[in-house]
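Hello,

Here is the structure I promised to pass on. My notes follow below it.

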2 protein chains.
Amino acid sequence: MSTYHAPLADMKFVLNELAGLPQVAKLPGFDDATPDTVSAILEEAGRFATEILDPLNASGDREGAVLLPDGTVKTPAGFKDAYRQYAENGWNGLTKPVEFGGQGLPQLVATAVEEMWHASNMAFDLCPLLTQGAIDAIELCGTPEQKARFLPAMVSGKWTGTMNLTEPQAGSDLAAVRTRAVPQGDGSYRLSGQKIFITFGEHDYTDNIIHLVLARTPDAPEGVKGISLFIVPKMLVNADGSLGARNDVRCVSLEHKLGIHASPTAVLAYGDRGGAVGYLVGEENRGLEYMFIMMNFARFSVGMEGVGLSERAYQRAVAYARDRVQGRPVGADRAAKPAAIIEHPDIRRMLMTMRAYTEAMRAVGYVTAAAMDNARRSPEPDARRQHQAFVDFMIPIVKGWCTETAQEVTYLGVQVHGGMGFIEETGAAQHYRDARIITIYEGTTGIQANDLIGRKTARDGGTVARAIASRAARVAADCAASTDPSLEAIGLGLASALRPLEGAIDWVVKTSAADPRAAHAGAVPYLKLWGLVAGGWQMARAAQIAVRQRDEGGGDAGFCNAKLVTARYYAEALLPQAEACAHAVTEGSASALALANEQF
Amino acid sequence: MSTYHAPLADMKFVLNELAGLPQVAKLPGFDDATPDTVSAILEEAGRFATEILDPLNASGDREGAVLLPDGTVKTPAGFKDAYRQYAENGWNGLTKPVEFGGQGLPQLVATAVEEMWHASNMAFDLCPLLTQGAIDAIELCGTPEQKARFLPAMVSGKWTGTMNLTEPQAGSDLAAVRTRAVPQGDGSYRLSGQKIFITFGEHDYTDNIIHLVLARTPDAPEGVKGISLFIVPKMLVNADGSLGARNDVRCVSLEHKLGIHASPTAVLAYGDRGGAVGYLVGEENRGLEYMFIMMNFARFSVGMEGVGLSERAYQRAVAYARDRVQGRPVGADRAAKPAAIIEHPDIRRMLMTMRAYTEAMRAVGYVTAAAMDNARRSPEPDARRQHQAFVDFMIPIVKGWCTETAQEVTYLGVQVHGGMGFIEETGAAQHYRDARIITIYEGTTGIQANDLIGRKTARDGGTVARAIASRAARVAADCAASTDPSLEAIGLGLASALRPLEGAIDWVVKTSAADPRAAHAGAVPYLKLWGLVAGGWQMARAAQIAVRQRDEGGGDAGFCNAKLVTARYYAEALLPQAEACAHAVTEGSASALALANEQF
């Protein structure tokens, strides 16, 4: 069996060398993020992931969360206790404001920590992840009284939070939300309606759950401009913070899902007994805007779930490939004994593919996280704006590309196991099943891609897109001019991928205006193209640093060599897909739309 | 909910126009395969798939096969009765010799029929599929007495058959088989050992199960040259065909699998009570050779499972996309109502991708099946040899490429469903789970790819590979010269994919001799490259015929138009991946092998 170990060497390399942690730590308010503190946090988090979360992952999948006849949800054995330790250790408030009990650390550091939670037990981590979103919404848009009443208990982990968006008729299209919120004249509202797909909408971890709920007031305009955001606690909270009566919200069923069995996905009924008491967040009819604040962060986190699951699948595949003896290696003489399958070239190809994608995704994710910190904390407004533009551009890519790529990586994880991969006890199949949700929730890949071509590329005429591509092009040119043959090959590979990207940007800008349907038909290949190139860019930067450290004798020689090999594999075996993606964007859109509905 | 309907229009088009059924029907012994008979068979099979097999697919998945305390296996409700009807209707012996009760029809016709079984209920079909392999082994290698004793009951479906290869230490590497077979001096042997992953190794359909078992005799040489093949019936069979005593083989457990839950995957223990009675098939130590006769056919069939599952996933996705209303279509005015999601360009892209791959795979599969018939029945030895060379070359491609592509198609099938795709009740996730085994069993994609580069490409210096590529090149040139703009685009696309294929063939031939490890590292991308091009070749032929029928007014105009659009989408959006595959073959192999084991 394989045990998860946080890939600390790569995490620290990416944090320090690619994402610029030393610079981030100098931003106002991050004084505590010293190298020693960060290192201690990562090591402690790694221990928690290895010792507490990873051992519960398979048993949680087998047992699943269960709805009991009394309407409560029983989480799998060990989960409640693990959550208690998680909260007690302060993990829940890592990036949250110190004034509400958090630790105020950079998002960059938290991103590495959260990768460990995603990797070791994604189903477990969904509860804290959703709680974070709820905290952010109240912190950014709530009244001082709401903050004082709810945040300390949510930041400490004493209470958890949820995001209630989806209804049966309102999935990707939130304009169709029907849940009603009627003002009571005392500042509160009464909510009624049904919400579905509510992650950890009911559980046995804590005494209270704070639901953030999208609903419509009686006179609200139609569509997305008539949606408001409400705080609806499961247990009403008295002014002194003590728990009051049970609110009128209950879990009526849990979904039977392909994966993340330990995470209860609830159908919640609001207002069966007259209306659930809710409190408006911010102003009426601005709920969607507030929800998107949370959603953007949640999208980033789901992208990082792709990184964590990929790392976990990779580690499990490597462990099996070292252990499983089968067949004589090709090229060995006839008297050679059967060898571990890691000796077989095709197994190597699969492991290298898993490894290269995972490292590239991690680099893209952490670099984006560092930009989030800079966008919030840079002293210069111009710097904040530039970083925010980068973050806005990258979020659909992190979400869309890392989650799509995680499908291939977890697929290969099963494949390395051969027949054993199809047997559930092996564990590889769980990663594959768990991964299947991440290209769907918090906005499908199609939704991310529409965001990328519309708001992120076409709206500014491709300005930000071309600026980012130029940064990658400078790295490509530097690498291509290197005397190191690997670095040169990496630079040439990146340059070859940038040409079709630049053509695709031009096509998207032009076509979005002239023929928006055609532009949207090319949206997902455009997103994949961007992800591939962004990964190639960061791997090229990593290779530059690895060569420098190797030549200067500054780094771990084995690590630098492995990074260079992996970056070259990415450039030569994976990055060439960019051309095909661009082709699908620019050539494939017309025939994608040419059939009539009834011809399918 | 979606109901499976056999895609008869496309099946007939591919059978008649691409695979040449009229020519196949003229081969000796196929007099019964008249157009009317074939049409009636396809329609009757379609009805059986829709009415009997499809409704059991989801319930079979939920219930699964269960091992009872008495060692018997209970199949899911309805399966035993469906099997009885299947056998009574004569489906089991479709291609089997008339002298043993079969119908002696071409493999080409059976391939279309079996696609329907795979599509509507793959778990159900695995039992007949394995029985066919066992029949073939006995028919080709058994004694007249063995044929007379076993074949009539197996052809009629009264008894079923299995293939027993794998042992815990012997998966892809059958040289490691340890099951022992000791001769008893009376012509029989006693077998002892453990076999795993035995599909329908125990069940409640029939009174008897005929196991075909690989084992070693006491003085056998080591490795693959010391393996013999044995018939080991679950119930001994008296000379008059009646059942005798229970043989010493029993099911000790069933695997808990990711998919195909209705298909019991058994661990079988042979010889716990002194040895299971077995009968040698053919000569001692030639078992692997005999098994490969079955295996080649089984590999082809598993490739066709990929086609069937893809078609099923496509039909379910189309049904959902027509039904699910969500969001205003892009480009519609603000007052437009929400529309069915089939109106959304990204949903179109996904459906077109599913459709184009499925049609291309079907065409490649049926064309290969027609070559199987010609290889067996052509009057001219030269023609038989040429067709056999084509079949030998195509089988790893049909197995490897159709199964890998089915992963993407069933993945997209889930994605079209959005959040509902992750909920098991919807049914899309089952196809995704069921599909996951097909790139593994009957030889993983890596095993197929090693066969393709080694025995099929390098051994004859690339002669057959280049001859097949030339045939595709002629089609590309004809299309490119067309005055029809779609046909021209299709021809140019195919020609663009053939150039990297030709380069990759040269590289494989050269590198297999100079650096076999590097050649093997490129094996799977080489196989995918071949699959993409073979699909593009057949879609281009289909487009030529569609244009001709359209211009001559001979065919269904809507069908011809849809075929042309689909072929163009394949050429413009999917086929460009060929270049990236070739790059991975020729450039990616060195870095795939550059890390030391301990660096992973």
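Which elements of chain B do the buried residues of α1(B) pack against? They pack against α2 (21–24), α3 (35–63), α5 (107–141), α8 and α15 of chain B. Please keep in mind throughout that this is a predicted model.

**Helix α1 of chain B**

The helix covers residues 8–18. Its buried residues are B:Asp10, B:Met11, B:Phe13, B:Val14, B:Leu15 and B:Glu17. Just after α1(B) comes B:Gly20, with a positive phi of about 70°.

**Between the chains**

Contacts join 72 residues of chain B to 72 residues of chain A. The largest share comes from α16(B), with 7 residues. By class, this side of chain B has 35 nonpolar, 23 polar and 14 charged residues.

**Domains of chain A**

The domain assignment gives domain 1 (8–153), domain 2 (160–286) and domain 3 (445–591). The C-alpha centres of domain 1 and domain 2 of chain A are 23 Å apart. Here 31 residues of domain 1 are in contact with 28 residues of domain 2. On the domain 1 side, α3 (35–63), β2 (73–74), α4 (79–88), α5 (107–141) and α6 (144–156) of chain A each supply at least two residues. Which of them gives the most? It is α5(A), with 13 residues. The domain 1 side that touches domain 2 has 18 nonpolar, 9 polar and 4 charged residues.

**Two helix pairs**

Two packed helices are described by the angle between their axes and the distance between the axes. I picked one pair from each chain.

Take chain A to begin with. Helix α9 (residues 381–416) and helix α10 (residues 428–435) of chain A pack at about 160°, with their axes 8 Å apart. That angle makes α9(A) roughly antiparallel to α10(A), because the cut-off is over 145 degrees. The crossing of α9(A) and α10(A) is left-handed. From α9(A), the residues in the contact are A:Ala406, A:Gln407, A:Thr410, A:Tyr411, A:Gly413 and A:Val414. From α10(A), they are A:Ala428, A:Ala429, A:His431, A:Tyr432 and A:Ala435. The contact has 7 nonpolar residues, 4 polar and no charged.

Now chain B. Its α11(B) and helix α13 (residues 485–514) pack at an angle of about 90°, with axes 10 Å apart. The two helices are therefore roughly perpendicular to each other. B:Ile453, B:Gly454, B:Thr457 and B:Ala458 in α11(B) meet B:Ile505, B:Val508, B:Val509 and B:Ser512 in α13(B). This contact divides into 5 nonpolar residues, 3 polar and no charged.

**Single residues**

B:Ala181 sits in strand β4 (residues 180–183) of chain B. Is B:Ala181 buried or exposed? It counts as buried because it has 31 C-beta neighbours inside 10 Å. Leaving aside neighbours within four places in sequence, B:Ala181 is in contact with B:Tyr189, B:Leu191, B:Ala215, B:Arg216, B:Thr217, B:Ser228, B:Phe230 and B:Gly278. Its C-alpha atom is separated by 43 Å from that of B:Leu595, 414 residues apart along the chain.

A:Ile260 has a positive phi of about 35°, although it is not a glycine. Its place is in the loop between β10 (249–254) and β11 (265–270) of chain A. With 29 C-beta neighbours inside 10 Å, A:Ile260 counts as buried.

A:Asn285 also has a positive phi, near 70°, and is a residue other than glycine. It lies in the loop between β12 (276–281) and α7 (287–323) of chain A. A:Asn285 has 18 C-beta neighbours inside 10 Å, so it counts as partly exposed.

Best wishes

Technical notes. Residues are numbered from 1 along each chain as its sequence is written. Chains are lettered from A and ligands numbered from 1 in the order in which they are written. This is a predicted model: local features need pLDDT of at least 70, side-chain atom pairs count only at pLDDT 80 or more; totals for chains, interfaces and linings use all residues. Two residues are in contact if their C-beta atoms, placed from the backbone, lie within 7 Å. Helices (H or I, at least four residues) and strands (E, at least two) are DSSP runs, numbered from the N terminus. Ala, Val, Leu, Ile, Met, Phe, Trp, Tyr, Cys and Pro count as nonpolar, Asp, Glu, Lys and Arg as charged, and the others, Gly among them, as polar. Domain bounds come from an automatic or database domain assignment. Axes are lines fitted to C-alpha atoms, for helices over the stretch in contact, and angles run from 0 to 180 degrees between N-to-C directions. Angles under 35 degrees count as roughly parallel, over 145 as roughly antiparallel, 65 to 115 as roughly perpendicular and the rest as oblique. A crossing is left-handed if the near helix is turned anticlockwise from the far one by less than a right angle, and right-handed if clockwise. A residue is buried if 20 or more other C-beta atoms lie within 10 Å of its own, exposed if 12 or fewer, and partly exposed in between; C-beta atoms are placed from the backbone.
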